[in-house]
Amino acid sequence: MPLLSNIDASALGHRRDESNAVAAKVPLVHVDAIAIDLISNPPHEIPTYATGGKTANTARTEGLLGLGPSAYFYAGRAHPKFGSTAFAFPADCENGHTGSATPFDSGGLLREPPQQPPLKLRLHPTDGESERVEFGKTSVLALDAWRKAFGIFLAAFFDSDKDYWVKKPKGLDPEGMIELNDDWRAWTFEIRFGEGHSVFGRAAWCADEMVMSHLRRLSDAEPIPVPGDPPTPLDRFFAGPPSLEPAGTPQFCQRLEEWVRRLIAT
């Protein structure tokens, strides 16, 4: 993998042990614009492109990199660009899934010409699509290997594991992914599942005021349950971990990341 190709993991000392512990439990975070539909309607899953909800650029990137239709998550980080509700899933949510990961947001790597990809790179002989495709392919990690790589990354590029959430990595990489970019998606691990993932399995979640208000209205409009009937999807969802902000907040991503950081500090 290019980002870690020149790192001597054996020289990282005590930082390696600390970072491995963080990597082992960091949750996967997904931000979605259609959370109300995901909660209310079958199959109640974070979807892959094959089941809807992703852009044409995502499908093209998946095809060029050989990834297949995927459901997308970040390692412990939430970006408001992608919607109005943030979900965090525990580390064991990967069990039973196929998938892969990259140490950057794959969606920023490629754009259909003549559009320019948002992620800046320094590739040879030119920074063309073929070079970017090759860079992307060589950066792909197996789903069961990304946490080990993430631990090495934290130890090598940050003085403290908490800096992953608040600072730019301190090191330089040969292709300039860190050096040339300021958006944290250039160095945040992206994890992909080849299958949808149930929203009922979240460990924490937070949404903006509009989503919370809409969910309350839907819940209030449901008929009085008949004893013995199975719970409705909304009842099942609300029986799980409550929203970190019951009234909702425009800072829903920040609020969820605060929860993540408290989790890994324990």
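Me: Which residues line the largest cavity?
Reply: Pro 2, Leu 3, Pro 103, Phe 104, Phe 135, Ser 139, Asp 173, Met 177, Ile 178, Ala 186 and Trp 187 do. A cavity here is a set of points on a 1 Å grid over the protein atoms alone, where a 1.4 Å probe fits but cannot get out; lining residues have an atom within 4 Å of a point.

Me: How does the lining divide into nonpolar, polar and charged?
Reply: Nine are nonpolar, one is polar and one is charged. Ala, Val, Leu, Ile, Met, Phe, Trp, Tyr, Cys and Pro count as nonpolar, Asp, Glu, Lys and Arg as charged, and the others, Gly among them, as polar.

Me: What volume does the largest cavity have?
Reply: About 60 Å³. The volume is the space filled by probe spheres set on the points, with grid points joined across faces, edges and corners. The structure holds one cavity of 30 Å³ or more.

Me: What sort of model is this?
Reply: It is a predicted model: local features need pLDDT of at least 70, side-chain atom pairs count only at pLDDT 80 or more, and totals for chains, interfaces and linings use all residues. Residues are numbered from 1 along each chain as its sequence is written, and side-chain values use heavy atoms, with hydrogens and water left out.

Me: New topic. Which residues touch the most other members of the largest nonpolar core?
Reply: Trp 146, Phe 150, Phe 153, Phe 189 and Ile 191, out of 75 residues. Such a core is a set of buried Ala, Val, Leu, Ile, Met, Phe, Trp, Tyr and Cys residues joined through side-chain atoms within 4.5 Å. Helix 5 (residues 146–157) gives the largest share of this core, nine residues. Helices (H or I, at least four residues) and strands (E, at least two) are DSSP runs, numbered from the N terminus.

Me: And the sheet, what order do its strands take?
Reply: The order is 6-5-7-3-1-4-9, in an open sheet of seven strands with antiparallel pairing. Two strands pair if DSSP finds at least two bridges between them. Strand 6 (141–142) and strand 9 (204–207) are the edges.

Me: Last one. Is His 44 buried or exposed?
Reply: Buried, because its relative accessibility is 11%. Buried means under 20% relative accessible area, exposed over 50%, partly exposed in between (1.4 Å probe, protein chains only). His 44 also has a positive phi, near 60 degrees.

Conventions: 1 Å grid on protein atoms, 1.4 Å probe; cavity = no way out; pocket = protein on both sides within 12 Å on 5 of 7 lines; lining within 4 Å.
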